[in-house]
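Have the coordinates open as you read.

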Amino acid sequence: MHKRWILRKVPVLILTFFIILYVDFQRRTKHTAIHHPSPGGASPQQHRSIQEAQLSPARTHITIPSAGGNPEAAGRAPEGHVTAPATLKLEDIFIAVKTTGRFHRTRLALLLETWISRTKAHTFIFTDTEDQQLQSEGYNMVVTDCQSDHSQQALSCKMSAEYDGFMASDKRWLCHVDDDNYVNPEALLSLLSAFPPDGDIYVGKPSLDKPITAHELLEGNATREVRFWFATGGAGFCLSRQLAYKMAPWAGGSRFEQTSAAIRLPDDCTVGFIVEKRLGVAMVHCPLFHSHLENLLLISLSNIAAQVTLSYGMFENKMNSIEVKGSFSKEEDPSRFKTVHCMLYPFTSWCP
């Protein structure tokens, strides 16, 4: 009996052994080298879906393309192979909030009371005004020397500070949001955890239904037309560290503002330009990010917990916010952020 059992098992073991060898061979041969197009290279023909980005092969060797200047200022990828931890944690995400001094007690205060209360240690607030009260309360306040208006220069100045702040950190993802965004930390973690831990990922939501057209300024005052997708900063977007390293020649230090000036477009457009036109990496379009420039009433109550960001503001001359009922009236909570926060975290001390 024992001998017959062994004879039956031997072919199975042999077949299993050869399957393991075959899978290992396929995994080794599928690894492809990273290609960096020249600065004037064409952008990808189409954007990536979330599923395509999640299934893309992992890339473990990082090389930063050179664009002249001081390589130390541009930043360098670690030498050799980068092995990312298997499990992403919420504290691995550098959340950058862009704001201005006049909104510290209104827009920003709402965020501090709601979602930032759960991500305080790794949320960094980029502003243009000193605030001793917030700094004394332990918030990560980054006071830039950027202008306080909403000009292209001011916006790009703050985005440059966000990028440099992230590159100086040990975080694995940079996620940018505005001061009118609600971030669902668990949904954000779930989304980013689905991507390859060492992939080139630029994920967000475009505000346009087609690539933007810009005119890049060249030497001798010549220009050329370029088209690319970009994730609107008003909905938020995220960049993996591996991709951020490769952006350094066009984004590190003063380079981000220079790149923005070359295409004469603001910060979020500049990120898309660098990623798609300079690096040839397609943006991942994700419907889970939201800005006040879309009709937020279309988000169903049953899907709110799955959304990565929400927003509020004026849209078509009316207050635009999600439709959700709760203990707070619309007069008490016009953004509906408090209502959503209490729905997600009902044991918050101030929730009814």
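Q: What makes the contact between Asp200 and Lys246 a salt bridge?
A: In this predicted model, the N to O distance between the two side chains is 2.8 Å. The cut-off is 4 Å between a Lys or Arg nitrogen and an Asp or Glu carboxyl oxygen, so the pair qualifies.

Q: Why can we say that this pair ties together separate parts of the sequence?
A: Asp200 sits in the loop between α7 (185-193) and β6 (202-204), while Lys246 belongs to helix α8 (residues 241-251), so the parts joined are 46 residues apart in sequence.

Q: Why is Asp200 called buried, and why Lys246?
A: Buried means under 20% relative accessible area. Asp200 has 4% and Lys246 has 2%, so each gets the label.

Q: How do you know whether Arg105 is buried, partly exposed or exposed?
A: Its relative accessibility is 48%. Since that falls between the 20% and 50% limits, Arg105 counts as partly exposed.

Q: What about Asp131, the salt-bridge partner of Arg105?
A: Asp131 has a relative accessible area of 6%, which is under 20%, so Asp131 is buried. The closest N and O atoms of this pair are 2.9 Å apart.

Q: What makes Lys330 and Glu323 a salt bridge, and why are they called partly exposed?
A: Their closest N and O atoms are 3.3 Å apart, so they meet the 4 Å criterion. Lys330 is at 47% and Glu323 at 37%, so both values lie between 20% and 50%.

Key. Residues are numbered from 1 along each chain as its sequence is written. This is a predicted model: local features need pLDDT of at least 70, side-chain atom pairs count only at pLDDT 80 or more; totals for chains, interfaces and linings use all residues. Side-chain values use heavy atoms; hydrogens and water are left out. Buried means under 20% relative accessible area, exposed over 50%, partly exposed in between (1.4 Å probe, protein chains only). Helices (H or I, at least four residues) and strands (E, at least two) are DSSP runs, numbered from the N terminus.
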